[in-house]
Amino acid sequence: NKRGTRVLLQTVDAAASTFEHLTTARELASAAGKLDPASLLLQISGFPTATAASLLEAVMAALLASVCPMPNFKSDADKPAALKQVDIYGLEEKVDLAPLQAEAAGNHLARWLAALPPNELTPTLYRKFVKQLAAREGWSMKFLGSTALKREKAGAFLAVSQGSPVDDAGIVHLSYRPKKRGGRKLALVGKGICFDTGGVNVKPARYMNGMHEDMQGSAVALGTLLALSHLGYDHPVDCWLALAENHIGSRAYKPNDVVIASNGTSIEVKHTDAEGRMVLADTLALASRGKPYLMIDYATLTGACIYSLSSRYSGVFSNREALHGPLTAAGRNSGERVWPFPLDKDFDESLKSTVADTLQCTLEGDADHILAARFLQRFVDRKSNWVHIDLAASNHKGGLGHIPTDTTGFGVRYTLNLLLQQSVMDDTWN
């Protein structure tokens with residue numbers, strides 16, 4: 001018409017999976033984005049109420065993700081998206097989009113942080129940013145630097161950070177407390193390696209490129225905390241971010257070094273590029289002291305998980321086999337798909353050391369994602385329910401599900417479903 005109104009028509013298979021609906025929504029959002037409209041009218045017709053609400057959620061998730069700005073240092077930077085308003089028609093019942101808005105904020109934070117260049121997100125700059133965010137959101141914050149970690153005898157973490165030319169590594173501890181006190185405690189733990197050279201076992205150029213995203217586990221933990229805070233989540237949450245860089249230098253840790261973690265476990269180093277499980281070991285041990293009911297850690301940890309699942313799924317592990325059902329259901333329902341792996345005790349045979357309690361890893365690489373999880377389990381209090389997420393889907397070329405960027409922020413949406421829809425903070429799964 002004279003006003004230039006455009007119409008985009010999309011048919012949808014109501015029986016398709018959530019992931020398929022999100023993928024279709026991303027394609028629709030991309031087509032709409034090319035027109036850069038200031039407003040959209042979204043009409044959903046021909047579906048039962050529950051299906052229509054689910055489709056609305058998928059399309060809105062994709063639209064929100066598509067307009068979130070990402071770091072851009074070009075002289076001629078892209079203009080912000082013009083979209084300011086979406087009118088919704090065709091629903092018989094009102095749908096609460098507040099959870100979706102909180103999720104979008106958390107996912108955007110995770111993607112934005114991970115996409116920053118490594119010189120723009122050093123541990124120092126990361127900590128300063130988190131301090132500002134904590135002040136804004138009303139979280140309490142503590143930082144355990146090298147001096148504090150030495151007091152805690154956190155030798156696994158310090159082995160990695162000792163090679164850095166700047167003494168800025170450490171563990172950030174954030175605390176969110178709901179207005180209503182009490183309730184079971186949730187702990188979120190994230191690997192925050194701001195750049196990973198591989199250390200003495202230096203990575204080749206092909207695999208070192210992109211290692212500024214090796215902190216994405218911490219970004220997902222932080223993004224999840226932000227989303228829960230915006231939702232007024234009714235459980236106390238502690239968030240632990242292991243911030244460091246894995247450098248090459250005369251002081252860097254070496255293969256066959258033996259270090260002792262804060263829980264007294266001695267570790268024989270085999271490969272300095274397996275630094276993620278080292279910093280997580282002490283962080284998990286310290287987080288366990290708070291006796292959380294549920295502890296979830298996020299890490300871009302192993303290539304083996306990508307080899308097993310590709311970058312379309314992420315791997316999940318748990319010390320409670322009964323959690324495999326809700327863990328898988330959360331992936332299916334959220335569209336951030338996961339697959340559970342075994343954690344049988346006999347995998348420890350591969351981690352036997354002649355000089356220490358455990359090997360850090362093996363050089364063979366067989367089932368390294370499982371061995372890494374078995375290693376990490378040593379540092380988790382047995383009374384806590386624990387979930388380890390190996391973020392194989394943290395980066396997928398062309399985007400994944402409703403996310404249009406290679407950097408996916410995978411895990412925020414998944415965790416919200418796990419907590420809010422699968423209700424894993426109660427005992428119904430057990």
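Colleague: With which residue does Asp238 form a salt bridge, and how far apart are the closest N and O atoms?
Modeller: Side chains of opposite charge can pair when their charged atoms come close. A salt bridge here is a side-chain nitrogen of Lys or Arg within 4 Å of a carboxyl oxygen of Asp or Glu. By that rule Asp238 is joined to Arg177, the closest N and O atoms being 3.0 Å apart.

Colleague: How are residues numbered, and at what pLDDT do side-chain atom pairs count?
Modeller: Residue numbers start from 1 along each chain as its sequence is written, and side-chain values use heavy atoms, with hydrogens and water left out. This is a predicted model, in which totals for chains, interfaces and linings use all residues, local features need pLDDT of at least 70, and side-chain atom pairs count only at pLDDT 80 or more.

Colleague: Which parts of the chain does the pair of Asp238 and Arg177 link, and how many residues apart are they?
Modeller: Helices (H or I, at least four residues) and strands (E, at least two) are DSSP runs, numbered from the N terminus. Asp238 belongs to strand S6, while Arg177 sits in the loop between S4 and S5. The pair therefore links distant parts of the chain, counted by the helix and strand runs, and the two residues are 61 residues apart.

Colleague: Is Asp238 buried or exposed, and what is its relative accessible area?
Modeller: The word buried means under 20% relative accessible area, exposed means over 50%, and partly exposed lies in between, with a 1.4 Å probe and protein chains only. Asp238 itself is buried, with a relative accessible area of 5%.

Colleague: How many residues of strand S6 are buried?
Modeller: Val237, Cys239, Leu241, Leu243 and Glu245 point one way from S6, and Asp238, Trp240, Ala242, Ala244 and Asn246 point the other way, yet all of these are buried. Strand S6, which spans residues 237-246, is thus mostly covered, with buried residues amounting to 10 of its 10.

Colleague: Which residue of S13 stands opposite Leu294?
Modeller: Strand S9 (residues 294-299) has 6 of its 6 residues buried, and 5 bridges join S9 to strand S5 (residues 186-196), which runs parallel. S9 also pairs with strand S13 (residues 385-390) in the parallel sense over 6 bridges. In that pairing, the residue of S13 opposite Leu294 is Asn385.

Colleague: Which strands stand at the edges, each with a single partner strand?
Modeller: 3 strands form an open sheet in the order S7-S8-S12, with mixed pairing. Because each edge strand has a single partner, one side of each is left without a neighbour in the sheet, and these edge strands are S7 (258-260) and S12 (358-359).

Colleague: How many residues apart in sequence are the parts tied together by Glu152 and Arg289?
Modeller: The side chains of Glu152 and Arg289 meet in a salt bridge of 2.6 Å, N to O. Glu152 lies in the loop between helix H5 (146-151) and helix H6 (155-161), and Arg289 in the loop between helix H9 (275-288) and S9, so the pair ties together parts whose separation in sequence is 137 residues.

Colleague: Where is Asp36 found, and what is its phi?
Modeller: Most residues other than glycine have a negative phi, and most peptide bonds are trans. Asp36 is placed in the loop between helix H1 (18-35) and strand S1 (39-43), and is partly exposed, with a relative accessible area of 42%. Although Asp36 is not a glycine, its phi is positive, at about 50°.

Colleague: How many residues of helix H12 are buried?
Modeller: Among the buried residues of H12 are Asp368, His369 and Arg374, together with Phe375 and Leu376. Helix H12 (residues 368-377) is mostly covered, and its buried residues number 9 of its 10.

Conventions. Pairing = 2+ DSSP bridges.
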